[in-house]
Amino acid sequence: MKIAEDSPPIVSALDRPNSYIGRSVPRPNLARLTRGRAQFVSDLTLPRMAHAAFVRSPHAHARIVAIATADAANAPGVIAVVTGAELAKVITPWVGVLTHLKGIKSAPQHAIAIERACWQGEAVCAVVARSRAEAEDACGLVEVNYQELAAVTDSETALEPGTPVIHPELGDNLTFERVHVGGDPDKGFKDADAVIETTFGFGRHTGVTNEPRAIVADWNPGDARLTVYHGTQAPHMMQNLFAKHLGLEEHQVRVVTKDVGGSFGIKVHTYADEMATVALSKLLQRPIKFVADRIESFVTDIHARDHRIKAKIGVKIDGTITAWEIDDLTGIGPYSVYPRTSGIEANQIVNLTGGPYTCPNYRARARVVFQNKNVMCQYRAVGHPIATAVTEGLVELAAAKIGMDPLEIRRRNLIPDDAHPSSGPSGIKFEALSHHESLAHLDAMMNYAGLRAEQTRLRAQGIYRGVGFASFIEVTNPSAAFYGVGGAKISAQDGVTIRLDAQGAIICQTGVTEQGQGAEAVIAQVAASAFGVPIEQVRVITGDTDNTPYGGGTWASRAAGIGGEAAWQAGKALRANVLACAASILQAKPEDLDIREGRVVDRDSGTERLSLQELARIAYFRPDTLPPGFQAELMATRHYVPRAWPFAFTNGVQASYLEVDPESGFVTLLKHWCVEDCGTVINPQLVDEQIRGGVVQGIGGALFEHCIYDTRGQLLNGNMADYLVPMAAEMPDIEVGHVVTPTRDSELGAKGAGEAGTAGAPGAVMNAINDALRPLKAKPLTDMPFTPDKILHALGKV
Amino acid sequence: MSERFHDIAITVNGEKVRERVDARKTLVDFLREDLALTGSHVGCEHGVCGACSVRVDGVVVRGCLMLAVQCDGARVDTIEGVADAAEITDLQHAFVARNALQCGYCTPGMLLTAQELLVRGGIPSREQIRAHLSGNYCRCTGYHAIVDAVEAVAQARSGAKG
């Protein structure tokens, strides 16, 4: 293990001449984004394309008594008005369950509601017109007669006998429950010198992708094929789902994903209005476009994080943690989201809580309940921000209780760096982690002692600053254990095909997708390094089910670790093929040759023997000059899936430094640090920017973001003026450091880095606020987001 | 319906354009739908996110809060025009070099807004850069890299002026 600098030396196992691995190579294809020449789905127009808009339920729960569509059908520009019952003739409903989440249940969900709307915003009727504006005009002319039903909105009472059951056929409002006991929690709490108990709250929030969800579906009856231009993270998953529910074969469906304006887990799920759009295209036999507007995004993009967790920690006076306990309750809306389910976040919280620490005594219960609000599902760092904030909140409350420094209590309890392989209190397996080295690096990087001195000095002047920490672990590079074993057609493996073009450049096609995180750069860097060409001679093609190897796409921090390894193996395979061809041309032995900087060279001397351009010319245009029986194979495909470990866990630690104004309750973020270990760093700049973006997304949940519902299930702040997101002026500079512990599951050794920032930031900010307010005897703040109002309440000022 | 549709004459990226527009059509919808200039993006449609930022008579405005009919006689510059005119080539290069964009959806608006600050001259502080960009939402980067890129261009331009 070693600390990675901004441009760390090349990792030895991957050492090749002119390697790009470990270098901050700029991403290809950025100029189109800086010049306004990108191709987002919302930019797309096709011949005969019509626009869909949806009439959406204003009620959280209502019976649909009747829908009068005549006036809308006669409105200018209208092509069709389609109800749920009519659309159900071309698309089947779905149920979001997985077999490995024992007992999880949900009800069939339709593309457009039939008979009953179960949340405010659920589509009840579609209008298709020449323009979006005309479609929206006509939506206003659709008359829906609703009979309002009692709405279940409070997850705390969702399971009580007097509460209506949203789906009576399921028997109750319980979606999923998991109980876990590890070690001996009762003994652990008995052995403790102090037990700290509190309740953590996490506000419902959502992804607010800058480009809303967008889809253009084009059913061509002449080809009997459906082409879907889709802002998605998982083209092959969507291909499967579109085919399955429209009654098509998968080869009849092509999903194309070009530029995507932000995803973060929002665009990896099945959305009813998107399924309705493909069904409308099938029904009307022409291209149909749907782009969610901002209000539709707030009421239909998946929400996440609405958890209430009662939590307990036992600690000895010497700082030894003796036991953990959590009781999680979360309300996920009226349906478990298809196909990944809405049980995963609670399941992750049970898996991850206490994860960085040695104490094995752990009792956990998580209950997931239905309610009449928008659906919840997996959003960036699924469960991690919650498990981390609970764990780290408990650790710092325990440290304060026994009067120990927050870094010292961690040093005494974090799993030792030399104790791996190891496991967490829930039984999760760790190949190799570096908690202590990360902590030591952070300590030095932030000048912890200096900050404490500054904090003390300023307190004397009535300025209240706080330092808070969060050690964390992150699930990356998921194997089939995540979804495949539960029956979902979501690929854990991914592939890369590389071919030599006729001028000596290479073309890489891959199943992982570009969402702006830099997957194309990573694939290009790895392929260039493994094969031996300058990176300018690499083109990467992603996001097209007709033209890429089958793969999972981008989610759970998998693109670099899994797609990167496939690119490494494919690059090596193509190099071997090309060297075989070169050897036959040069009458040399392949093992005496190498490919460097786009040239076939003598392995020992580095002397050029043949340019790749010349090799390609011979292989493609004058193969008659090659020895009889020799066939050049200038295209190679390799796939990769992690097998040795269910997940490649990463780790790290974050720190927040901030100031709280006790008069106004406002928090000013001064600085944020993150040291993380994602194994081999392929591109330090891209890793750092994933961390920074993730940290700010975590800060959003900690301080600002909250989908506020009233007791009738009405979202009160479904717009960007009332739902606050982090903007430039309020965000701090963020320093990022690295420790490098490669996974041995792949030759590349890379783990994921996409979610670590989001995982740790909320807990660090929470701990910093409580650290700032401790001298004022404030009640510890544990209910996110930490608004000025809540801070003033904690101070007893309002 | 004579009051609903209006003939307008606009200079867009230096080209003279005459179109008949619906009175309710926003400037950004007009640019994207009628002129196929899709570099200006629609993010929130209520003036908060800044993805639709364009210049009208030299001033950066929200394309979703201005109607196309209001631009009759005006000069409108979008990211496509500003890029083709090579007005912000250094800023675009800095954004690429610093990875100050990820998905890139906010980038056209972010670049035009940053250029508005940069043309004032001098080297703004990081706080001033952050304040000037505070109406442009970026979900991907966390802003740090954007501030770095703008700061680097301010320094380079100042140095170049000597």
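This is a predicted model: local features need pLDDT of at least 70, side-chain atom pairs count only at pLDDT 80 or more; totals for chains, interfaces and linings use all residues.
Which residues in helix 11 of chain A meet which residues in helix 12 of chain A?

**Figure 1. Packing of helix 11 of chain A with helix 12 of chain A.** On the side of helix 11, the residues are A:L407, A:R410 and A:R411; on the side of helix 12, they are A:H436, A:L439 and A:D443. By class, the residues of this contact comprise 2 nonpolar, 1 polar and 3 charged. Helix 11 covers residues 406–413 of chain A and helix 12 covers residues 435–445. In general, a pair of packed helices is described by the angle between their axes together with the distance between those axes. Here the angle is about 160° and the axes lie 10 Å apart. Because angles over 145 degrees count as roughly antiparallel, helix 11 of chain A is roughly antiparallel to helix 12 of chain A. The crossing of the two helices is left-handed.

Figure 2. Is A:I215 buried or exposed? A:I215 has 28 other C-beta atoms within 10 Å and is therefore buried, the criterion being 20 or more. Setting aside neighbours within four places in sequence, A:I215 is in contact with A:V41, A:V228, A:Y229, A:H230, A:E274, A:T277 and A:F290. A:F430, by comparison, is 215 residues from A:I215 in sequence, and the C-alpha atoms of A:I215 and A:F430 are 39 Å apart in space.

**Figure 3. The contact between chain A and chain B.** Chain A contributes 44 residues to the contact and chain B contributes 41 residues. Two helices of chain A, helix 1 (31–34) and helix 17 (684–703), each supply at least two residues of the side that touches chain B. Which helix of chain A provides the largest share of that side? Helix 17 of chain A does, with 7 residues. The side of chain A that touches chain B divides into 20 nonpolar, 13 polar and 11 charged residues.

**Figure 4. The fold of chain A.** Chain A has 19 helices and 31 strands. Its C-alpha trace spans about 85 × 75 × 45 Å along the principal axes. The radius of gyration of chain A is 28 Å, in agreement with the value near 28 Å for a compact globule of 798 residues. Of those 798 residues, 62% count as buried. Among contacts in chain A between residues at least 6 apart in sequence, those joining residues at least 24 apart make up 80%.

**Figure 5. The fold of chain B.** Chain B contains 6 helices and 5 strands. Read from the N terminus, the order of its elements is β-β-α-β-β-β-α-α-α-α-α. The radius of gyration of chain B is 16 Å, close to the 15 Å given by the globule rule for 162 residues, so chain B is as compact as a globular protein of that length. The C-alpha atoms of chain B fill a box of roughly 55 × 30 × 20 Å along the principal axes. Buried residues account for 54% of the 162 residues. Of the contacts in chain B with a separation of 6 or more, 58% are between residues 24 or more positions apart.

Technical notes. Residues are numbered from 1 along each chain as its sequence is written. Chains are lettered from A and ligands numbered from 1 in the order in which they are written. Two residues are in contact if their C-beta atoms, placed from the backbone, lie within 7 Å. Helices (H or I, at least four residues) and strands (E, at least two) are DSSP runs, numbered from the N terminus. Ala, Val, Leu, Ile, Met, Phe, Trp, Tyr, Cys and Pro count as nonpolar, Asp, Glu, Lys and Arg as charged, and the others, Gly among them, as polar. Axes are lines fitted to C-alpha atoms, for helices over the stretch in contact, and angles run from 0 to 180 degrees between N-to-C directions. Angles under 35 degrees count as roughly parallel, over 145 as roughly antiparallel, 65 to 115 as roughly perpendicular and the rest as oblique. A crossing is left-handed if the near helix is turned anticlockwise from the far one by less than a right angle, and right-handed if clockwise. The radius of gyration is taken over C-alpha atoms; the globule rule is 2.2 Å times the number of residues to the power 0.38. A residue is buried if 20 or more other C-beta atoms lie within 10 Å of its own, exposed if 12 or fewer, and partly exposed in between; C-beta atoms are placed from the backbone.
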